Amino acid sequence: MVKMPHAIFFALGYMRDFFRKILDFPKSMNVGGYEPLCSGMEDFYERRLYLRAQDCANRPISSAPDSWIDVVERYTNDNNKTLHRTTNSTRCLNLGSYNYLGFAAADEYCTPRVIESLQKYSPSTCSACVDGGTTKLHTELEELIARFVGKTAAIIFGMGYVTNSGIIPVLIGQGGLIISDSLNHNSIVNGARASGAAIHVFQHNKPAHLEEVLRKRIAEGQPRTHRRWKKILVIVEGIYSMEGELCKLPEIIAICKKYKAYTYLDEAHSIGAVGKTGRGVCELLGVDPADVDIMMGTFTKSFGSFGGYIAASKEIIQYLKHACPAHLYGTSMSPPAVQQVISAIKVILGEDGSNRGALKLAKICENSNFFRSELKKMGFEVLGDNDSPVMPIMLYNIEKVAAFSRECLRNKVAVVMAAFPVVPLLLSRVRICISASHSREDLVKALEVFSEAANLVGIKCSRVEPQQTRAEENTKKLE
């Protein structure tokens, strides 16, 4: 099954669907004229391909998402169509959670303050921000985020996905032009579609093609009327979540300035995780935050909480607070979640009276670069750049991804697989997320398990360095 190509799966799947229609034809005469709600490529993929590997996805856990987690064991009696949970769990090394700085587990500074806020404010405000959902904590976090990223004001939301999909339609509409990176996150894609603006994409992380698209679209103007665009918004990500690549921000900023286009930077995976003081790709790449018009980020990855933010000028933030439906109608962030972010940022800034934040930032950078380097030496095809904690390992074939994931779990290492529709059909991968909470021993164990699983599945693509050399290097680094 591991080496069976996609073509055979598709052929068998379509044959089974064909004969199923014939056998079920008498039943289909009594459906009352309704078309099936679930149809299309996604439905076919789920029924005929995904179910074969669904035991590798949606794995429930019974612990905090720390460097080690308890993965609940499951079993199936019908060839993976249905999975049943047991009362048993397996302690596994966690290489799938976004817990970049290790704040997702109990923390000596954050946890007591979160518990105190829970007792004082309760789990939910049960209200939108404009009604009774804004506490002193919400105001404090907005001011702290603005100061942290280098902007004059900020607004927070209860969900990272909604931050993009809800904000973009408020910033731009009909008569506007959105130029989006071809590999931007789905929340950006849906937000752009909902805006009503014209949408064009440029080749992933290629500033030269961005300039070409901008020049052409500005020269042509709006469709049919050829009037000038009301506004132009260029949208990019700091770290691309499925590629692990850093945005070429300095070059993109220069092009946007040249053509008078606004820049929208999604820092969901970069804020708190990169840069000397955790301030994201602007700090890492030497870009002045004032040159980025809209800065977006989430609290899920580096801060151990949930929600998102937009940081910009006071005028833009004031406008969003009066015009954005996600702010006007959505329930505000849970107060304990807000307190978690506040406490985490204070640790990063050293305002807790310790240097733990600096140590965490140094550790995640060290861990990320070590793990990426070792994977490449072992022959894996790894995407992304140095300093990025996101490391996709290309396996291409979903059957190989499933086999690799199962073998890792058998050796007590939990990984996350990324397959269609999250990534293109033939570009399946395993996405590794490194944390500051991982010890060097954890990473060495993962490398050993990965090597054994890769040899079994057959996924090493690059030239492999001598094993003795890698072992000697590991020994030196451990010393």
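I started with helix α9, whose buried residues pack against α8 (207–220), β6 (232–237), β7 (262–266) and α10 (281–285). Contact here means heavy atoms within 4.5 Å. Helices are DSSP runs of H or I with at least four residues, strands are runs of E with at least two, and both are numbered from the N terminus.

**Ground rules**

I am working on a predicted model, where local features need pLDDT of at least 70, side-chain atom pairs count only at pLDDT 80 or more, and totals for chains, interfaces and linings use all residues. Residues are numbered from 1 along each chain as its sequence is written, and side-chain values use heavy atoms, with hydrogens and water left out.

**Helix α9**

I listed the buried residues of α9 (residues 249–258): Leu249, Ile252, Ile253, Ile255 and Cys256. Seen down the axis of α9, these buried residues fall within an arc of 165°, so they line one face of the helix. The arc is taken from the directions from the helix axis to the C-beta atoms. I use buried for under 20% relative accessible area, exposed for over 50%, and partly exposed for what lies in between (1.4 Å probe, protein chains only). After α9 comes Lys260, and I noted its positive phi, near 55°.

**Whole chain**

I counted secondary structure next: the chain has 17 helices and 13 strands. I then checked the overall dimensions. The C-alpha trace spans about 65 × 60 × 50 Å along its principal axes. For 479 residues, a compact globule would have a radius of gyration near 23 Å, and the chain, with 24 Å, agrees. That radius is taken over C-alpha atoms, and the globule rule is 2.2 Å times the number of residues to the power 0.38.

How much of the chain counts as buried? I find 52% of the 479 residues. The accessible surface comes to about 22500 Å², and 54% of it belongs to carbon and sulfur atoms. These areas come from the Shrake-Rupley method with a 1.4 Å probe; for residues, only the protein chains shown count as cover. Among contacts with a separation of 6 or more, 71% come from residues 24 or more positions apart.

**Confidence**

I looked up pLDDT, the predictor's confidence in each residue, from 0 to 100. The chain averages 91, and 93% of the residues score at least 70. Over residues 466–475 pLDDT stays under 50, and the model has 9 contacts beyond four places in sequence for them. Where pLDDT is low, the predicted coordinates should not be read in detail.

**Asn164**

Is Asn164 buried or exposed? Asn164 is buried, with a relative accessible area of 0%. I place Asn164 in helix α6 (residues 160–171). Its side chain makes a polar contact of 3.1 Å with the side chain of Ser187. A polar contact is a pair of N or O atoms within 3.5 Å; within protein, one must be able to donate a hydrogen and the other to accept it, and residues adjacent in sequence count only if both atoms are side-chain atoms. Not counting residues up to four places away in sequence, Asn164 touches Pro169, Ser187, Ile188, Gly191, Tyr264, Asp266 and Met296.

**Gln340**

I found Gln340 in helix α13 (residues 335–349). Gln340 counts as buried, at 9% relative accessibility. Which residues does Gln340 contact, leaving aside its neighbours within four places in sequence? I get Phe103, Cys110, Val114, Phe303, Gly304 and Ser305.

**Exposed positions**

I checked Tyr329 in helix α12 (residues 325–329). Tyr329 counts as exposed, at 68% relative accessibility. From Tyr329 to Cys282 I get 47 residues in sequence and 32 Å in space, C-alpha to C-alpha.

Arg227 sits in the loop between α8 and β6. Arg227 is exposed, with a relative accessible area of 60%. The C-alpha atoms of Arg227 and Gly175 are separated by 8.8 Å, and the two residues are 52 residues apart along the chain. Arg227 touches Gly221 and Gln222, not counting residues up to four places away in sequence.

Asn58 is in the loop between α3 (41–48) and β1 (68–75), and counts as exposed at 64% relative accessibility. Asn79 also has a positive phi of about 55° without being a glycine. I place Asn79 in the loop between β1 and β2 (84–94), exposed with a relative accessible area of 75%.

Last, I looked at the peptide bond from Phe420 to Pro421, which is cis, with omega near 5°. Pro421 lies in the loop between β12 (416–418) and β13 (428–433).
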